[in-house]
Amino acid sequence: MNNGHLHPVTIAINKISEIFSRMGFDIVDGPELEDEWHNFDALNVPKNHPARDMQDTFWIQNKTGVNVYGEPTGYVLRTHTSNVQIRTMERYVEKGKSFPIAICCPGKVFRNEATDATHEAQFFQIEMLYVAKDASLSMMIGVVEKFFSEFFGNNLVIRLRSSYFPFVEPGNEVDMQCFKCLGSGCPLCKQTGWIEIGGAGMVHPKVLEAGGINPHEYRGFAFGCGVDRMIMLKYEIDDLRLLYNGDLRVVNQF
Amino acid sequence: MKFFKPWLQDYIIETLPEDAVIVESLNKKAFEVEEVLVTASGTVFDIKVLPNRAHDALGHYGMAYELCAVLSLTFKKDMEIKEDNSYLDALVYTPSVLISDELACTRFASLRIDNITVGESPVWLKERLEAIGQRSINAIVDITNYVQFSLNKPMHAYDAETIVGSIQARYAKEGETLITLDEKVLTLDTSTLVIADDEKVLGLAGIKGGKWSGISSTTTSVILESANFDPVHIRKTAEKYAIRTDASKRFENGIANSLVIEGLHMTANLIKDIYPNVKKSYVCDVYPKKDVPYHVGITVSELNAILGTQYDDAMIEKTFKQLSFSYECIVPYDYIHTLYPTLIGALYKNPSSMRYDAPASFSCSSLISYLYKGVWMPSLSIDKYVFSNKITHNECRFGDLVFANSGEGVIRYESVAFLRGTHVPEGVDHVGLFLENGNILHATKLHGVVVEETYEEFAKGRVIVGFGRVVSDLSEKRYVVTVPATRLDIRIKEDLAEEIGRIVGYDTLTPLVPSLNRVGLPHKRMYYENKVRAVLLAHNFSEIITYSFGNEGDVKLKKGLAEDKELLRSTLGSGMKTSFASNLYNAPLIGEKTIRVFQFGSVFKGDSEFVHFSIGIDDGAKKSSFVEEGSKVMLEIKDILAVESFEYETVSVKPYVVELNFETLIAPLGEPSQYEASTYNTAITTYTPISPYPFITRDIAVWVPSDILWNDIATIINSVRDVLITRIDLFDTFIKSFEDGTKKTSYAFRLVIQSYKKTLTDEEANSVAGVVYNALQEKGWEIR
């Protein structure tokens, strides 16, 4: 008899992991307290570049380390799970593991920004990364459509909008067909039939290089989105801040 | 940035389509349109231009080009900026410009305009600036602003009378100060680039002007400044003095040097338009290192591999035309064949840059890059070696590369700018190119020029390190784009793939799924976490996730959300505490007498990060103890994990809270070999929001005949239930035999009453409970 309850984030992460696992993706993890190199530099977000402003960052005081080249690097609370892209590539190269790389990483991330009902300073993301000789943007679409279709339980299509994330080129915002009205328009999708859900693109050659992979030989695609946002949409949760107070009025509904 | 539709229309031949079409096309293919404001004079679009396009699209001119690309429109060629010398007067004194550091200030152009009377701007200019949220100041300042928001080129105008001697971009001297236009006094340090004349500092270069040289109503002559600065320098300086302006934002993103002269001419021409009698000086243009256009190439097969498409030549050519990209088609085999004989004898110079020095002089490496026009490759020989696909000597054919350690130059043993740090133990300092007859073409210090030699001659005195191929099919045609000067974002073939993909439309891509033919592996920690979760679920525990920051811990944030949220937790304790405080209070609302929670979460200690695990039990009663129950649960966890060593810390006995390092605990366990799906399923489809208002409880106990069940009572209550009754929880049942031989059952239950709209009064709660009370009494049942 199960009378206990799992946190909705765990329920979602379990389901996401299961879907990606079935598609052949390994589930991996990475540190929340991350060096600046893995969180920014290696992801083609150089120091003193305006791209750094795209994510409000929690910086760690009085903590420095060195990157793979022995250069000093500061520390941050990771602003995205994309740090795991680099850590995974490093592991594959170091251990001589065979390609393709196909991973999914759920994890907690942090943004130093004012909180409201839909923005928290800590939340969960998932990262999907595929690196192989045959990677293409069309393949990214295929994987992500399959993922959302299985998660929301309907055959959903996605659409890409042109955007910019320094670690991908081409870079895209991903919209998902509304799982509620299937595109005909409803309050959830503000009558547009589409829901903004994540970011994606082809892994920037510089990012592959930073992970020790020759972009002349391999290509990659990556996708990331907020787990909180997914459950917020799925269960129509009105205030994300209630998820992290240990409040059983919320958890015990699940 | 805000864009005004009539302003955009200036640059486009066809009439712009309706707003919705513009918004949809931009959203899909280029930028997010954040707001559309329809005004009497025209629509204003607030468009989010991200850093990769801040070089070209943070102005109406560039945005008009983008609209032409996404909507298949035509840019008005006669709107391109030209120098107008009709009002040039050699007698007007030409300003002299000096640059002290050509890396920090890459170009500086200036001219002087006489015969000005500063007044209000004409209506059209005011209207346009106001439409995009800019205040009109005076005609001269407005024109410089207009140029900034048109061309994406910040401009500055000085009152010529206030300038003494030359205008300089130099570093501030010790102790120099600047009073900005808004009266702030800045004490400058010597790493700050300023604009100055012979006597004083005029402004913070690229960021903000000073007070003393501003345009006033008495100004009759202006000196225009149009310069470009190193983006990193501007960013650091703007940060240091905490001044961010429209100008600094543009410079720190980086703009093309070509805009310097265009901005100057555009500003001067607009002044001439408003004041027809002005006279201008010659231009002083200091431009130490001239930009050379970038050439970026891509083949049809490369494009289709990246996008996963079947685009053809016609599609690519049409798209480049839409983007106003000029391009040439290069077949590397033919191109290298035709070009290389003309390079024999060209000077050897090391270092030489392919972009700046060719074809006048070459290094061994720049020669290769030059011959492979439109094929991206790293500059240095060693990087080319790491970059190329390794082949054997026998496989070498025309166009392949031979790498050597010749002792001619700097011998490198590690790659520098490509796959940095890749070891090449043999060391590389030289590269040559295979010709048809097996000879090697190379630029060499030995001969001082580019030579063709036999392989044997090449190999003599050099250690041959290896052979590489950079293009697998030399006869495959490449599209080589001459990148427009302002498109600083286009440098590699992937950038071209994005341009083509977005303009053709990503909706033309057909989804594909990779065939991995395997099931992915779980993550070890998450796998064992789920085993533990299963145990806890069976014992009525609920999972919580709490904040990683608070006011306890030894890792500190530089700046947190609040002062009491600047430390990273070293235990899960505070989250458990918060959870108990609210859940014990809300227990009636949750419907649990005893609160049982657990959590997994990262904690931070010194230099390390661990996932900890904690469980807690309490019911808020003074004398209760859950040590035994908790210990039993922990023992079950030990058993399910089959760990030998199992230590945990008892954080507190009341509430019962224990915690352990989960990573240490599972360290001895094996890697899971297959994914196990969690069997937990939630029944809910829609979440019920939490009321922010307090709840009130009313307990009722009722005697009913023994054949009446709780379900029957619940049905009656539900039939009269007010919406304010959030929960009904049965908490006590017993049967009593009375003296008359009858048996009755007592049901004691709790009503939880709460509103989503307000704090209820006791009277309101009583009246809600009263309805239930009456309904039961009407049945003839006795309320205890």
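User: Two strands pair if DSSP finds at least two bridges between them. What kind of model is this?

Analyst: Residues are numbered from 1 along each chain as its sequence is written, while chains are lettered from A and ligands numbered from 1 in the order in which they are written. Local features need pLDDT of at least 70, side-chain atom pairs count only at pLDDT 80 or more, and totals for chains, interfaces and linings use all residues; this is a predicted model.

User: Over how many bridges do E5(A) and strand E6 (residues 122-132) of chain A pair?

Analyst: Strands (E, at least two residues) and helices (H or I, at least four) are DSSP runs, numbered from the N terminus. A:Ile101 stands opposite A:Val131 in E6(A). The pairing of E5(A) with E6(A) is antiparallel, and its bridges number ten.

User: How many of the ten residues of strand E5 (residues 101-110) of chain A are buried?

Analyst: A residue is buried if 20 or more other C-beta atoms lie within 10 Å of its own, exposed if 12 or fewer, and partly exposed in between, with C-beta atoms placed from the backbone. By that rule E5(A) is mostly covered. Of its ten residues, the buried ones number nine.

User: Is A:Phe25 buried or exposed?

Analyst: A:Phe25 lies in the loop between H1 and strand E1 (26-27) of chain A. It has 27 other C-beta atoms within 10 Å, so A:Phe25 is buried.

User: Which residue of chain B does A:Phe25 touch?

Analyst: Contact means that the C-beta atoms of two residues, placed from the backbone, lie within 7 Å. Residues up to four places away in sequence are not counted. In chain A, A:Phe25 touches A:Phe20, A:Ala102, A:Ile103, A:Cys104 and A:Met128. The list also holds B:Gly520.

User: How many residues does the contact take from chain B?

Analyst: Chain A gives 83 residues. On that side, helix H1 (residues 8-22) of chain A has the largest share, nine residues. The side of chain A divides into 39 nonpolar, 27 polar and 17 charged residues. From chain B the contact takes 92 residues.

User: Which residues does B:Pro514 touch?

Analyst: B:Pro514 sits in the loop between helix H15 (493-504) and helix H16 (524-538) of chain B. It has 20 other C-beta atoms within 10 Å, so B:Pro514 is buried. Leaving out residues up to four places away in sequence, B:Pro514 touches A:Tyr130 and A:Met139.

User: Which strands stand at the edges, each with a single partner strand, E2 and which other strand of chain A?

Analyst: The open sheet has three strands in the order E2-E4-E3 (chain A), with antiparallel pairing. One side of each edge strand is left without a neighbour in the sheet, because each has a single partner. The edges are strand E2 (33-35) and strand E3 (59-66).

User: How are H6(B) and H7(B) set to each other?

Analyst: Axes are lines fitted to C-alpha atoms, for helices over the stretch in contact, and angles run from 0 to 180 degrees between N-to-C directions. Helix H6 (residues 231-240) and helix H7 (residues 246-253) of chain B pack at about 140 degrees, with axes 7 Å apart. Angles under 35 degrees count as roughly parallel, over 145 as roughly antiparallel, 65 to 115 as roughly perpendicular and the rest as oblique. H6(B) and H7(B) are therefore oblique.

User: How many nonpolar residues has the contact of H6(B) with H7(B)?

Analyst: H6(B) brings B:Pro231, B:Ile234, B:Arg235 and B:Ala238, and H7(B) brings B:Ser248, B:Phe251, B:Glu252 and B:Asn253. Ala, Val, Leu, Ile, Met, Phe, Trp, Tyr, Cys and Pro count as nonpolar, Asp, Glu, Lys and Arg as charged, and the others, Gly among them, as polar. Two residues are polar and two are charged, and the nonpolar ones number four.

User: What angle does the direction of helix H22 (residues 762-778) of chain B make with that of E37(B)?

Analyst: An open sheet of four strands has the order E38-E39-E37-E40 (chain B), with antiparallel pairing. Strand E37 (residues 696-705) of chain B pairs with E40(B) over two bridges. H22(B) packs on this sheet, touching E37, E38, E39 and E40 of chain B. Its direction and that of E37(B) make about 5 degrees.
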